[in-house]
Amino acid sequence: MMMKMPWRRKSRSFYLQLQGAIGTIQSPFLFLFTNYCHSSTSSLEDARFLTNNFKSASFTHLDDAIASFNHVIHKHPLPSRVPFNRFLSALVKMKQYHTVLSMSKTIELLGISHNVYSLSILINCFCRLHLVDFGFSVFGKMFKFGLEPTTVTFTTLINGLCIESKMDKAVEFFHDMVARGYQPNVYTYSTIINGMCKFGKTNVAIGLLKGMADRGCEPNVVTYSAIIDALCKDELVGEALELFSQMRNKGISANVITYTSLIHGICKLGQKNQALALMNEMVEQNISPNVYTFSVLIDALCKDGMVSEAQNTFNIMIQRGVEPDVVTYNSLIDGLCNSDRFKEALALLKEMVGRNISLDVFTFNILIDTLCKKGLVSIAQNIIKIMIQRGVEPNVVTYNSLMDGYCLCKQIDKAGKVFDLMVTSEIADIFSYNILINGYCKCKMIDDAKELFDEMSHKCLVPDVVTYSTLIEGMFQAGRPQTAQELLKNMSSHGQQPNIVTFSIMIDGLCRQGNLDEALTLLKEMEKSQLKPNFVIYSSLINGMCKVGKINDAKELFSSLFEIGLQPDFYVYNAIMKGLCQQGLMDEVYKVFKDMEKVGCLPNNCCYNIIIQGFLKHEDLPKASELINEMVDKWFSADAATTELVVHLLRNNDLILRLLKVRNEGSAN
């Protein structure tokens with residue numbers, strides 16, 4: 001007994017420190033297990049059950065574990081440290097970390113000495129509770145007790161540092177471990193590599209992976225999966241696939257995590273067919289996709305407009321016995337709503353409720369946004385009321401959708417009230433301001449839009465490119481081109497670079513105002529900023545040139561598009577045809593019109609109306625009749641301007657009028 005006294009003195013000191021640590025946690029399990037009373041065991045059979053339960057650590061409920069522990073600590077003689085460690089390990093697997101710390105204190109009070117394994121259990125509990133500093137305190141006691149830590153001990157502490165995002169210290173401790181002569185195993189490497197990947201240090205993780213081979217330590221599926229997942233999140237899918245191939249060449253079987261990460265990464269790149277092929281390969285390898293795997297693929301398919309394929313994947317998921325969760329349903333409901341299949345979305349919503357899957361804020365926001373876009377704002381309001389009744393708090397997205405709905409319905413006052421509510425609740429964001437500014441512009445309340453724009457700076461919100469572009473367009477529509485140009489200068493001076501949309505709005509606005517020189521100057525500025533003009537800009541410039549009588553410049557610009565390898569779209573063709581018609585160059589118009597088909601750009605309804613109006617204005621009735629007949633055969637309709645010209649010119653000749661009447665009656669039916 002005397003031989004154990006020094007240990008007991010040290011143990012007592014350690015117990016005091018451990019008690020302090022547990023006190024810091026404020027655990028609900030701070031109770032003395034020694035309060036157990038023998039009378040609680042009603043029979044010898046119960047006592048045997050509790051003893052066997054303790055020895056086998058086969059309990060599934062915490063109450064059973066506590067009862068077994070309370071029974072065993074009153075037995076004489078007491079069990080050795082080994083069964084206690086096995087018992088505590090079982091509790092760790094149940095994530096009962098507070099209870100393990102409390103029981104360890106009781107075991108120590110009973111005079112049962114610690115060993116490396118028991119102290120490693122304590123270290124693990126502290127690390128899991130985000131108290132790695134206490135874990136290092138226990139680590140220090142190991143050496144004072146003359147105990148030699150193992151690789152598992154080091155790995156546990158490295159994991160604790162990673163859990164607390166102390167990556168630099170984790171790497172430092174890893175190198176310290178090696179310097180002490182300890183050999184890291186695959187679990188050590190996997191732990192630190194996983195930590196590095198989670199905190200964006202993928203290159204360091206790859207370096208560690210390469211270093212494993214030098215130390216004779218072969219990576220496993222966990223090691224590879226961590227890096228593959230990180231590479232996919234960084235959209236370095238090619239490198240991830242190379243690592244995946246390397247992994248399989250080494251005979252290491254991929255798991256569900258590996259496949260899911262790759263499918264996610266491939267979907268982000270828009271390669272849905274490759275993702276589906278990988279899913280099939282996964283199934284062939286007898287690896288069952290989980291709910292996350294299916295949800296990733298369904299979401300990607302829906303975002304790409306492949307809703308039918310997403311529905312098929314959803315059905316396969318159900319057939320394989322994988323229960324969809326709220327994320328799966330949200331993705332599919334969103335896809336159906338975006339594809340204007342609202343009835344199917346509602347049916348899916350009903351199914352979701354039938355499966356007792358609670359609707360979250362994302363589900364409600366999808367429904368509210370869809371209803372608002374359809375102009376059904378009053379129904380959207382009722383949905384918000386139901387949402388609140390069900391305990392789901394509306395967020396900024398909810399209110400932004402509602403406000404946007406009011407703006408679309410020209411109910412700008414109601415949109416303003418929603419906005420005021422958001423400002424009062426301090427949840428209004430840049431999108432909120434952009435929505436209302438756009439609403440004001442569409443309702444020609446340009447002064448209110450400008451006032452709201454100026455208010456943003458007082459709210460410490462920086463207007464973005466959307467804010468500026470929206471207000472610039474509003475200024476042009478309100479006939480204030482000078483203010484629009486001032487906003488563009490203001491935009492650049494405040495660090496916001498105009499994008500293709502901003503330039504399109506500016507150039508179109510200037511061309512409509514007849515300021516062609518300024519529009520062309522802006523085009524040069526745009527090209528200097530490495531932005532390529534789009535067809536909207538080219539059509540605006542052609543229209544602008546034609547408007548000021550520079551038809552040759554317009555023709556030259558149109559021809560230059562083919563020279564630089566661009567195939568004009570309908571808007572560009574319409575612009576040049578309209579300009580040529582205004583100049584009476586009908587032969588050239590007809591040639592351009594016929595050339596459209598040769599290059600694969602089939603004339604649309606607008607093209608026919610432009611050229612027909614041109615021939616009618618120049619009183620070429622036979623050509624106009626020929627084109628009207630062709631238009632009717634292709635099931636296009638004459639617009640109001642074409643019909644008015646026909647009525648005006650052909651009061652005594654009803655041939656063309658009859659053709660239009662027949663076509664219009666067909667359209668009405």
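Which residues in helix 20 meet which residues in helix 22? The answer is given below, under the heading for that pair of helices.

## Basis of the description

This is a predicted model, in which local features need pLDDT of at least 70 and side-chain atom pairs count only at pLDDT 80 or more, whereas totals for chains, interfaces and linings use all residues. Residues are numbered from 1 along each chain as its sequence is written, and side-chain values use heavy atoms, with hydrogens and water left out.

## Helix 20 with helix 22

Helices and strands are taken from DSSP runs and numbered from the N terminus, a helix being H or I with at least four residues and a strand being E with at least two. Helix 20 and helix 22 (residues 396-408) pack at an angle of about 5 degrees, and their axes are 8 Å apart. Such axes are lines fitted to C-alpha atoms, for helices over the stretch in contact, with angles running from 0 to 180 degrees between N-to-C directions. Helix 20 and helix 22 are therefore roughly parallel to each other; angles under 35 degrees count as roughly parallel, over 145 as roughly antiparallel, 65 to 115 as roughly perpendicular and the rest as oblique.

To answer the opening question, Val-361, Asn-365, Ile-368, Asp-369, Cys-372 and Lys-373 in helix 20 meet Val-397, Thr-398, Ser-401, Leu-402, Gly-405 and Leu-408 in helix 22, where contact means heavy atoms within 4.5 Å. The residues of this contact divide into six nonpolar, four polar and two charged; Ala, Val, Leu, Ile, Met, Phe, Trp, Tyr, Cys and Pro count as nonpolar, Asp, Glu, Lys and Arg as charged, and the others, Gly among them, as polar.

## Helix 20 with helix 21

Helix 20 (residues 361-373) also packs with helix 21 (residues 377-389), at an angle of about 165 degrees and with the axes 8 Å apart. That makes helix 20 roughly antiparallel to helix 21. The crossing of helix 20 and helix 21 is left-handed, a term used if the near helix is turned anticlockwise from the far one by less than a right angle, while clockwise counts as right-handed.

On the side of helix 20, the residues that meet helix 21 are Val-361, Phe-364, Asn-365, Ile-368, Leu-371 and Cys-372, and their partners in helix 21 are Val-377, Ile-379, Ala-380, Ile-383, Ile-384 and Met-387. By class, the contact of helix 20 with helix 21 has 11 nonpolar residues, one polar residue and no charged residues.

## Helix 18 with helix 19

The axes of helix 18 (residues 326-338) and helix 19 (residues 342-354) come within 8 Å and cross at roughly 165 degrees. That makes helix 18 roughly antiparallel to helix 19, and helix 18 passes helix 19 in a left-handed crossing.

From helix 18, Val-326, Tyr-329, Asn-330, Leu-332, Ile-333, Leu-336 and Cys-337 meet Phe-342, Glu-344, Ala-345, Leu-348, Leu-349, Glu-351 and Met-352 of helix 19. By class, this contact of helix 18 with helix 19 has 11 nonpolar, one polar and two charged residues.

## Aromatic pairs

Rings of Phe, Tyr and Trp (its six-membered ring) pair if their centres lie within 6.5 Å, and planes under 30 degrees apart count as stacked, over 60 as edge-to-face and the rest as tilted. By this rule the count comes to 20 aromatic pairs. One of them is formed by Phe-136 and Phe-173, an edge-to-face pair with 5.0 Å centre to centre and 80 degrees between the planes. This pair links distant parts of the chain, with Phe-136 in helix 7 (residues 132-144) and Phe-173 in helix 9 (residues 167-179), 37 residues apart. Phe-136 counts as partly exposed at 25% relative accessibility, whereas Phe-173 counts as buried at 8%; buried means under 20% relative accessible area, exposed over 50%, and partly exposed in between (1.4 Å probe, protein chains only).

Phe-453 and Tyr-468 form another edge-to-face pair, with 5.3 Å centre to centre and 75 degrees between the planes. Phe-453 is in helix 25 and Tyr-468 in helix 26 (residues 465-477), 15 residues apart, and both Phe-453 and Tyr-468 are buried. Ring pairs also link Phe-136, Phe-139, Phe-143, Phe-154, Phe-173 and Tyr-182 into a cluster.

## Single residues

Thr-155 lies in helix 8 (residues 151-163) and is buried, with a relative accessible area of 10%. Leaving aside its neighbours within four places in sequence, Thr-155 is in contact with Asn-185, Tyr-187, Thr-188 and Thr-191.

Glu-588, in helix 33 (residues 586-598), is partly exposed, with a relative accessible area of 31%. Apart from its neighbours within four places in sequence, Glu-588 is in contact with Lys-555 and Leu-580.
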